[in-house]
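This briefing goes with the sequence and structure shown below.

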Amino acid sequence: NLSDVEQLWEHTRWMLLRGKMAHLPAIREQLSGLWQGLLAPFEKDLVRKKHLVIAPYRGLYQIPFSCLYDQLRQQYLIERWTYSIIPNLTILSYCQGRPTLKRAPLLVGYPGEQDSPLFLPGVEVELAHISKLLPKADVLLGEAASLPEVEAYFVDRPLIHLAGHIYYNQTNPLESGMPLAGGGWLRASDLYIKQGSLNGSVVLLSGCESGSGKLTGSEVLGLNSAFLYAGASGIVSSLWRVDDQATSSLMTKLYRSISAGKPVAGALQAAQRELLLDPAYEHPFYWAAFSFCGDPSRSAL
């Protein structure tokens, strides 16, 4: 029953977002209930599969499928399969048909004003780490990351990394976006009018709740849908407010795999599997927020 699963997820989410305050066995028991409701009925058909493509229905798009838990095997979903999500099969086909791009990756970071209480010192550190793994990348950091510059640099990039504050507007999801230097904003509404302009980029949103969306009819409106509409072949985004240190570690592991040529969906899951083996970060709160939406075979380099 879908309503029962959605209700179970609401309770699980409340526990999950408490982080280590919620004991891991209790969280796994909740996640096991989601496994039973969503995966167990199809499990015998998935035995020989390596990658799952999931098209979440209704409120299921909020669920971090990576951490659904199989009590019998004592494994999370990502310990058995890689996976990607997609709004529907038509959009998957569009993503798979987008071209492979050859320009340098683009790294964008705007930490905010230095004297602001919202200043994010970790943004510069994050981009420095990624730049070492992607030495050919173009970097727009701080005051260089204005809206005109970012839009000018967007064209034909195989990978676009956006680091900074990302705000989800629940009342008007098309106003969701990322503040940039000079008072500019990269908004979902701007991306919707740039249909196809990204031409196949993989976009990585390193910020809080960047994958949130609002169910409107049959479509989930938010930054994920906006970037897909603008021509992205895939998006990595998060479902909740992420821990800075855990995310920094995850991003370093992710880009190590990306720089080795691994498809982005597989690179993300490899990074998550590595992180969950660290006793400091084994709780799903630290690694399960990020998911990949788009073409599962797409590499970013």
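How many aromatic pairs does a search of the whole structure find? The model is a predicted one, and the search finds eight aromatic pairs in it. Zero disulfides are present, and one cavity of 30 Å³ or more is counted. The points below take these topics in turn.

**Aromatic pairs**

- Among the eight aromatic pairs is that of Y167 and W185, whose ring centres are 5.7 Å apart.
- The planes of the Y167 and W185 rings stand at 40 degrees, so this pair is classed as tilted; a stacked pair would need planes under 30 degrees apart, and an edge-to-face pair planes over 60 degrees apart.
- The pair links distant parts of the chain, with Y167 and W185 18 residues apart.
- Y167 sits in the loop between strand 7 (159-164) and strand 8 (177-179), while W185 belongs to strand 9 (residues 185-187).
- Y167 is partly exposed, at 34% relative accessibility, and W185 is also partly exposed, with a relative accessible area of 26%.
- Y69, Y76 and W287 make up one aromatic cluster.

**Cysteines**

- C95 is buried, with a relative accessible area of 0%.
- C293 is buried as well, at a relative accessible area of 4%; the cut-off for buried is under 20%.

**Largest cavity**

- The largest cavity holds about 30 Å³ of space.
- Which residues line the largest cavity? The lining consists of E126, H129, I130, S248, M251 and T252.
- Helix 4 (122-133) and helix 8 (244-259) each give at least two residues to this lining.
- By class, the lining of the largest cavity contains two nonpolar, three polar and one charged residues.

**Second largest pocket**

- The volume of the second largest pocket is about 460 Å³.
- It is lined by 20 residues, and the closest to its centre are L120, V123, E126, S206 and D244.
- Helix 4 and helix 8 are the elements that supply two or more residues to the lining of this pocket.
- The lining of the second largest pocket divides into eight nonpolar, eight polar and four charged residues.
- E126 is named both in the lining of the largest cavity and among the residues closest to the centre of the second largest pocket.

**Residues with positive phi**

- Most residues other than glycine have a negative phi.
- Q74 has a positive phi, near 55 degrees.
- Q74 lies in the loop between strand 2 (69-70) and strand 3 (75-76), and its relative accessibility of 58% makes it exposed.
- N199 also has a positive phi, near 60 degrees.
- N199 is located in the loop between helix 6 (188-192) and strand 10 (202-206), and it counts as partly exposed at 30% relative accessibility.

- Where is D278 found? D278 is in the loop between helix 9 (264-276) and helix 10 (284-287).
- The side chain of D278 reaches the backbone nitrogen of A280 at 2.9 Å.
- D278 is partly exposed, with 30% relative accessibility.
- From C-alpha to C-alpha, D278 and L46 are 28 Å apart in space, and they are 232 residues apart in sequence.
- Is S84 buried or exposed? S84 is buried, at a relative accessible area of 0%.
- S84 is part of strand 4 (residues 82-85).
- S84 and L52 are 32 residues apart along the chain, and 6.4 Å separates their C-alpha atoms.

Definitions and conventions
Residues are numbered from 1 along each chain as its sequence is written. This is a predicted model: local features need pLDDT of at least 70, side-chain atom pairs count only at pLDDT 80 or more; totals for chains, interfaces and linings use all residues. Side-chain values use heavy atoms; hydrogens and water are left out. On a 1 Å grid over the protein atoms alone, a cavity is a set of points where a 1.4 Å probe fits but cannot get out, and a pocket is an open set with protein on both sides within 12 Å along at least five of seven lines; lining residues have an atom within 4 Å of a point. Grid points are joined across faces, edges and corners, and a volume is the space filled by probe spheres set on the points. Helices (H or I, at least four residues) and strands (E, at least two) are DSSP runs, numbered from the N terminus. Ala, Val, Leu, Ile, Met, Phe, Trp, Tyr, Cys and Pro count as nonpolar, Asp, Glu, Lys and Arg as charged, and the others, Gly among them, as polar. A disulfide is a pair of cysteine sulfur atoms within 2.5 Å. Buried means under 20% relative accessible area, exposed over 50%, partly exposed in between (1.4 Å probe, protein chains only). Rings of Phe, Tyr and Trp (its six-membered ring) pair if their centres lie within 6.5 Å; planes under 30 degrees apart count as stacked, over 60 as edge-to-face and the rest as tilted. A polar contact is a pair of N or O atoms within 3.5 Å; within protein, one must be able to donate a hydrogen and the other to accept it, and residues adjacent in sequence count only if both atoms are side-chain atoms.
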